[in-house]
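Colleague: I'd like a close look at one part of this model. Please keep it brisk.

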Amino acid sequence: MSTFFKTISFLMLGLAACLPLPAQTLITQLLPSPAPAAAPSKPSDPMGRETPYGTVFGFLHAADAGNYSLAAQYLQLSPARRQTEGDALAKKLDVVMNRAFAGNLAPSHQPEGTPQEDVPFDRQKVGKLAAGDAEADLELVRVTDSNVGKIWLISSNTLAKVPELYDQVQARRVEKGLPAWTVKHEFAGMPLWQWFALLVLIPVAAAPGWVLLVLVQTPLRVWAKKRGHVELVKWQSVSAPAWLFGGAIVHRILASYLGLPLVPRHYYNQLVAVVVIIGAFWILWRVIRWFLHRMRSRALARGHSGTGSLMLLGERIIKALVVIIALFLILGVLGFNMTTALAGVGIGTLAVGFGAQKTIENLFGGVSVLGDEVMRVGDVCKFGDRTGTVEDIGLRSTWVRTEERTLLAIPNGTVATINVENLSRRDKILFKTLLGLHFDTSADHLRYVLTEIRGVLSGNKKVESDTIRVRLMELTATAINIELLCYVLTRDFNEFAEVREELLLQIMKFVEESGTALAQPSQTLYLSPDPASKDAGSKKEHLDTAVKKITGASDQQRPPSQNLPGKNT
């Protein structure tokens, strides 16, 4: 899984670094231009009291550091009372908050606070303080300071309950029976005895989880013997994250009785929440991997290789979504502003969409090819004018071994748009040829030849008898053409080639035995004597005779009025 995280990290870094300039320009145009900064009317509060979060943690950090004068600045007190009672009241409130605060400390990060039901807009309830019979709300109030403007302070209503709560806390302290050095010495704002208790609780919390897993595995072992131990192995792959998940919850329940100081308790709760999220999504990761692997194995067993490849892609996408959701939940638990993170994800998605159009096109093309199952690995297909055997269908491209034994990579986006002819999916193969006979073949002889060729085709068991067609097609200048058409009942091209060879040899043998012949390209020449090679005297006699015949015929046809003296020739 670490390799997967590294891949995702490098991918995001690479996309951010390699974002093309046009995409950056377009994103800049889509985002609103920042408004000119207005001159601040009042300076910000140096103590961070603009938000409820800043007030609560500012007070705790100042009190834990022993600076009670600074901590008193976070209390709603009059100047005179802050001067006289501020330090003592801040010290008592720190003890009460560390020992008697109940709930999850999560004050708002917004200057206006978070709207709460039945609470005025200028007030915020952060949690409850409870010790013995005393109980009070930890309430903040928003007031106006003459120097820094609107700030949040711990309200006077809460401060009025602090002395009573403090007395109840002191009466119920458990440190009295512990060694003094474990109570006196602290580390990171927490006494040593509480650190030791947290460490001891780790095996104590792990033991119930281990017992629960053993109780669940016992019936599974009996049942798995009938299934070849496969299901037990799958369960064992989930047992480790389940143990982590259950142990973290048990540890959190037991630690709630230790009375941890508020600030360490807050960070401890965050840590436990992160561990619980990791354990839960680790279980989800293993379950998704097991379920999809099982479904993919079933699809492959049924011959649906395209569905199996598509499920492999779906598994990777779902796992990536699981990691992203878990990461966002962890960031939210740690107090990060998720609105900004989600906006960043949206901008990043837009950038990836513009910068990796071809990659996304090929990705969806691969999904289309795998989903439609147009072809499978091992099929012989024709891609445009190229023919070859499909060796692999990836997410970006399809690899084809051509007839020349070269490896051709075709982007899936191209495969999804061109005409793909799957030759391996043929239920039968067409046999079609043109047979030319010599022109000396008579009509009766030709009828005999056609009948015999039909007999040759119908006599072969591999030839589909219903599709046999043997017809005189045309008379050309060089041959008498006969069209032969039928289907061979096979999917194997090698077997088809063998049947075709046998049919052609039988037809050639029959044509030779029938007394005719196959036509060959030829021309017929008609030869005559050359007139220039005859005797010149004989030529002159024939010419004179012809002239006399023509002259006599002309005199007989001329009218009498034209036979004048001197006009005869």
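In what order do the three strands of the open sheet lie, and is the pairing parallel or antiparallel?

Modeller: Bear in mind that this is a predicted model. The three strands form an open sheet in the order 12-14-13. Their pairing is antiparallel. Strand 12 (429-437) and strand 13 (469-475) are the edge strands. Each of these two pairs on one side only. From one strand to the next, the twist averages 20°.

Now take the pairing of strand 13 with strand 14. Strand 14 covers residues 480-488. Six bridges join strand 13 to strand 14, and the two run antiparallel. Within this pairing, leucine 472 stands opposite isoleucine 482, a residue of strand 14.

Next, the helices that lie across these strands. Helix 15 spans residues 443-458. Strand 12, strand 13 and strand 14 all have helix 15 lying across them. The angle between helix 15 and strand 13 is about 145°. Helix 16 is formed by residues 493-513. Strand 12 and strand 14 are the strands that helix 16 lies across. Helix 16 runs at about 20° to strand 12.

Terms used: Residues are numbered from 1 along each chain as its sequence is written. This is a predicted model: local features need pLDDT of at least 70, side-chain atom pairs count only at pLDDT 80 or more; totals for chains, interfaces and linings use all residues. Side-chain values use heavy atoms; hydrogens and water are left out. Two strands pair if DSSP finds at least two bridges between them. Helices (H or I, at least four residues) and strands (E, at least two) are DSSP runs, numbered from the N terminus. Axes are lines fitted to C-alpha atoms, for helices over the stretch in contact, and angles run from 0 to 180 degrees between N-to-C directions. Contact means heavy atoms within 4.5 Å.
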